[in-house]
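Student: I'd like to learn how to read a structure like this one. Could you take me through it?

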There are 2 protein chains.
Amino acid sequence: MKSREVHLTAYPKGEPTPEHFKLGEADIPEPAEGEVRVVNKWLSVDPYMRGRMSGIRTYIDPFALGAPMEGGAVGQVESSNHEGFAPGDWVMSMNGWREAYVAPGQGLQKLDTTHIAPEDYLGIAGLTGMTAYVGLKRCIDLQAGESVWISAGAGAVGSAAIQFSKAMGAKVVATAGGQDKVEYCRSIGADSAVDYKSTDNLAKAVKQANEGGVDGYFENVGGTHWTAALEVLKPKGRIAACGMIQRYNDAGAQPLPDNLTNIVAKSLHIQGFIVSDHFDMLESFIGDLGAWMAAGKVTPRNTVKEGIENMPSAFMGLFSGENTGKMLVKL
Amino acid sequence: MKSREVHLTAYPKGEPTPEHFKLGEADIPEPAEGEVRVVNKWLSVDPYMRGRMSGIRTYIDPFALGAPMEGGAVGQVESSNHEGFAPGDWVMSMNGWREAYVAPGQGLQKLDTTHIAPEDYLGIAGLTGMTAYVGLKRCIDLQAGESVWISAGAGAVGSAAIQFSKAMGAKVVATAGGQDKVEYCRSIGADSAVDYKSTDNLAKAVKQANEGGVDGYFENVGGTHWTAALEVLKPKGRIAACGMIQRYNDAGAQPLPDNLTNIVAKSLHIQGFIVSDHFDMLESFIGDLGAWMAAGKVTPRNTVKEGIENMPSAFMGLFSGENTGKMLVKL
């Protein structure tokens, strides 16, 4: 079986361009003893992947050049040489950026698609949703009646965080880039939303949207958003530092105004986190998510592109803000 | 009884100068029913007082202009009209910046001077020591065998934090301004010490002093120190944000390089704190401090000036780095 796959050709310094990616093709053999052959149906693109394109080890190894990239993927077993898997079974793996693969069955997660669509295991019911959950529950420790600012509110994690915060009984102010996205944030439940591109005083705009400031801040953006958050947070405010997409493609550092004394004066709590350090919360996440979805409080939100050849543009689109909700590629 | 007292004449914008202070004099009446009259013997000057000179409410009200300033003070009861106090008793109050006062007995803390010198209740055995303790124990959660960077290591809180960290079994790298202070940090137990004034790459210097980085950072300085700390901390490193003296006198903001993605990539934990929110730790502090002092692991470290007229220069000296250990004024 032939499988097309995406290779990284070089480590980009700034924003990745189409030249950094190349479509290759591989032969996928029949599964050996204990293996299964899987045809991917849905592939994930995520901002964290930018870190693996830097050639520098952070919390995860960089992608190898000239080899298939990796990422979340949901597919169906095509042929199986492992007693635990039968053709047609849905499985999730990190063997993304490719159309098909053969792998030992034991590394694959079999999916129950009774209540959750296969692709949502890459989004709201997968690491994306879990990231929003960990940030709100453990880092911010958000309580009913409190207020929270969700940055990049129209994005994958942000749109989950808005819905989860509302389900938890909090008041939500969202920020996003552009009037369409602001409307989108409101449509999925944000009590108020601010277009950061149309204000030159983000802190003031967020404060106006939620009088008196906020108890929590979900950091997906960094840079000017971070600076504004230190102003907007109330005393004993908490920041979940999940990502800083504004900076992932910056080759040089943009200096920031130093308003760090707010951290001391307001006794702020800031917690950077990687979702994989918090898998002990998986059971509580699945329980809450199931209840929220059953009650109609949370709905999967995806932007879908089609075809393996569109993986690079889907990925690059994360940084130009093409997606609302989770960006997925359907094969 | 006459008492000289220091008034603030105006809210300074940048560094306070002698013109911002004025010596006044007040008549202190005989104590009424339930009151005591106290002659102060030791007065405290602390960096946090700069915040009360800004005219802006932070976590505490600003000083009133043309009235005696406030701060930690230790004195002896001169005459008492309260059954709980007798002449000669040592008491602590916030009625500092003055030679004497009359006040209800119920607001005063009577001091046991059997094992602790009266003035040390303003330093290592008071809020200064408690601040170091809360930062290390609760915010950094420092463990034996870990490494910690103490900034402003020759200062009041820093010199306590160095000694406490060593008593807790940690490895200490200290930073301070000038070779004398670096020597001082070593003399009180720091395993290594760096003069931040003689390096143009603080992060590299601290990393060299403690190979592989540090588990904790005690933030007393801010600005360039903060930036370096985000580089030097190991994954899951913790910052206790206690103060940022580098910024207290800045009228304008110095921009900082944006290296905040370290917070996410290394899952850093940052906790700003005000000691008064953590008085639940008082008992454990007193217990540990007593044991450490009895074992000779911790020694009070003070710099002493004399006379009420030298209060402004003692205070201003905190920002030019005149003190090692706790700055006190003896009356």
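Student: What percentage of the contacts in chain A with a separation of 6 or more is accounted for by residues 24 or more positions apart?

Tutor: Good place to begin, and keep in mind that this is a predicted model. Two residues count as in contact if their C-beta atoms lie within 7 Å. In chain A, 65% of the contacts with a separation of 6 or more come from residues 24 or more positions apart.

Student: How many helices and strands does chain A have?

Tutor: There are ten helices and 15 strands in chain A.

Student: And how do I judge the overall form of chain A?

Tutor: Compare the radius of gyration with what a compact globule would have. For 331 residues that would be near 20 Å, and chain A has 20 Å, so the two agree. Along the principal axes, the C-alpha atoms of chain A fill a box of roughly 60 × 45 × 35 Å.

Student: What share of the residues in chain A is buried?

Tutor: Burial can be read by counting neighbours: a residue is buried if 20 or more other C-beta atoms lie within 10 Å of its own. By that count, 52% of the 331 residues in chain A are buried.

Student: Is strand β3 of chain A mostly covered or mostly open?

Tutor: Mostly covered: of the ten residues in β3 (residues 35–44), eight are buried.

Student: Which strands does β3(A) pair with?

Tutor: To read pairing, follow the bridges from strand to strand. Three antiparallel bridges join β3(A) to β15 (residues 326–330) of chain A, where L43(A) has V329(A) as its bridge partner.

Student: Now for the other chain. How many residues of chain A are in contact with chain B?

Tutor: 33 residues of chain A are in contact with 32 residues of chain B. The elements giving two or more residues to this side of chain A are β12 (233–241), α8 (261–265) and β13 (269–272). Sorted by class, the side of chain A that touches chain B has 18 nonpolar, eleven polar and four charged residues.

Student: In what sense do β13(A) and β13 of chain B pair?

Tutor: The two strands pair in the antiparallel sense over three bridges, with β13 of chain B covering residues 269–272. To find this pairing in the view, look for Q271(A), which stands opposite H269(B).

Note on methods: Residues numbered from 1 in each chain as written. Chains lettered and ligands numbered in written order. Predicted model: local features only at pLDDT ≥ 70, side-chain atom pairs only at ≥ 80, totals over all residues. Helix = DSSP H or I, 4+ residues; strand = E, 2+ residues; numbered from the N terminus. Rg over C-alpha atoms; globule rule 2.2 N^0.38 Å. Buried ≥ 20, exposed ≤ 12 C-beta atoms within 10 Å, placed from the backbone. Nonpolar A, V, L, I, M, F, W, Y, C, P; charged D, E, K, R; others polar. Pairing = 2+ DSSP bridges.
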